Amino acid sequence: MRYFSYTGLPSRVIFGAGALARAGEEVGRLGCGRALLLSTPEQEPAARALAAQLGDLAVGVFAGALMHTPVAVTETAMEAVRSLGADCTVALGGGSTIGLGKAIALRTDLPQIVIPTTYAGSEATPILGETKDGLKTTERSLKVLPEVIIYDVELTLTLPTGLTATSGMNAIAHAVEALYSQDANPVTSLMAEDAVATLAHALPDILRDPQDRQARSEALYGAWLCGICLGTVGMSLHHKLCHVLGGTFDLPHAETHTVVLPHAAAYNAPNAAPAMQRLARALGVKDAPRGLYDLAVGLGAPTSLKALGMPESGIDRAADLALANPYWNPRPLDRDAIRSLLDDAWHGRPPSLN
Ligand code: NAD
């Protein structure tokens, strides 16, 4: 017998090599004609090239997006929105740039076209994390869900191999937690399993040849599926630990996900047998947590929190914070076991049952 509920999120997706050429058409389709382009400082040249492509449909470029969506940056961008009379935003970049577009949408309800260039998945979620005075708050609102996503593999060819590996593992983490989510349902689980298999095949090929368009296209497709997983079902211990570690020790986002994932999966394995079977099948291994660890090692990605700059003395603090306001988790949270999990992750040991 099956019991589940499923809420699909509305969004239009254009996927394909060269899809960027459709951006103007999509601005018009939204009934807009004054797009403000958003990017990080590093991706400003790509945003300016897109502005040139859009011609009269673009009113300007704001290239100040930063990690963790600082409210001060959003306020500066809001001045540009007002002074330029923008009627939509076009965010070209990773989770940081897409976060800025979402923050503007929260304040204005302006429609968003997003053009992801990493595998983080923010484009497919109604979730926005914002930082003010060192404090990150997260909210969920359909107001911030982008109306249109344009996936163009050509834009991912420049993603450095290190970020390709960790951003890909960040995406896989969404699918892993979707498989054992409290809201797990057949549709999301199908996507999660396919996403893990697709990314696990594509990422090593990209690391061998970063210009491999076929593998890049598969990875981007897998990342979209992972984004849907993140947007449609609740996340558990892994995401909680990453939020705690990122927020408390200022650890880098995608790298932290990469290090923690095998350990969080091992912690939950005893209470998530069907999810682990699907995950093992997707990875083509017997033991799913070990398979995740081996995948990260094979990609040359970091495997220890120590290497990310976390002090060993922070392990106890992180364990305490993980237990404060916990997310729902398939296995009850045990302070000693969480501490051991973090100790393994700090040292970079293979995952074990704590
Ligand atoms: P990012 O957007 O911070 O990008 C990292 C760096 O890589 C930036 O300098 C960027 O300009 C550069 N870059 C991105 N794509 C590139 C490309 N194709 N070629 C060359 N350089 C490129 O990294 P991210 O991991 O995508 O995003 C992390 C942020 O997204 C975090 O703040 C995280 O909290 C947020 N996030 C939010 C959600 C959500 O649902 N709200 C989901 C995932 C991530």
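Is the crossing of H5 and H6 left-handed or right-handed? In this predicted model, the two helices cross in a left-handed way.

**First stop: H5 and H6.** Select residues 161-179 for helix H5 and residues 186-208 for helix H6. Their axes come within 9 Å and cross at roughly 160°. Angles over 145 degrees count as roughly antiparallel, so H5 and H6 are roughly antiparallel to each other. Now show the side chains at the contact. On H5, pick residues including Thr161, Ala165, Gly168, Met169, Ile172 and Leu179. On H6, residues including Thr188, Ala192, Val196, Leu199, Leu203 and Leu207 take part. By class, the contact of H5 with H6 has 14 nonpolar residues, 5 polar and no charged.

**Second stop: a pocket.** Stay with Leu179 and Ser189, which are among the residues lining the second largest pocket. Helix H10, residues 273-283, gives the most to the lining, with 3 residues. The lining divides into 7 nonpolar, 3 polar and 1 charged residues.

Select residues 315-323 for helix H12 and residues 335-347 for helix H13. Here the axes are 9 Å apart, and the helices pack at an angle of about 130°; H12 and H13 are therefore oblique to each other. Their crossing is right-handed. Ile315, Asp316, Ala318, Ala319, Asp320, Ala322 and Leu323 in H12 meet Arg335, Ile338, Arg339, Leu342, Asp343 and Trp346 in H13. This contact has 8 nonpolar residues, no polar and 5 charged.

Terms used
Residues are numbered from 1 along each chain as its sequence is written. This is a predicted model: local features need pLDDT of at least 70, side-chain atom pairs count only at pLDDT 80 or more; totals for chains, interfaces and linings use all residues. Side-chain values use heavy atoms; hydrogens and water are left out. Axes are lines fitted to C-alpha atoms, for helices over the stretch in contact, and angles run from 0 to 180 degrees between N-to-C directions. Helices (H or I, at least four residues) and strands (E, at least two) are DSSP runs, numbered from the N terminus. Angles under 35 degrees count as roughly parallel, over 145 as roughly antiparallel, 65 to 115 as roughly perpendicular and the rest as oblique. A crossing is left-handed if the near helix is turned anticlockwise from the far one by less than a right angle, and right-handed if clockwise. Contact means heavy atoms within 4.5 Å. Ala, Val, Leu, Ile, Met, Phe, Trp, Tyr, Cys and Pro count as nonpolar, Asp, Glu, Lys and Arg as charged, and the others, Gly among them, as polar. On a 1 Å grid over the protein atoms alone, a cavity is a set of points where a 1.4 Å probe fits but cannot get out, and a pocket is an open set with protein on both sides within 12 Å along at least five of seven lines; lining residues have an atom within 4 Å of a point.
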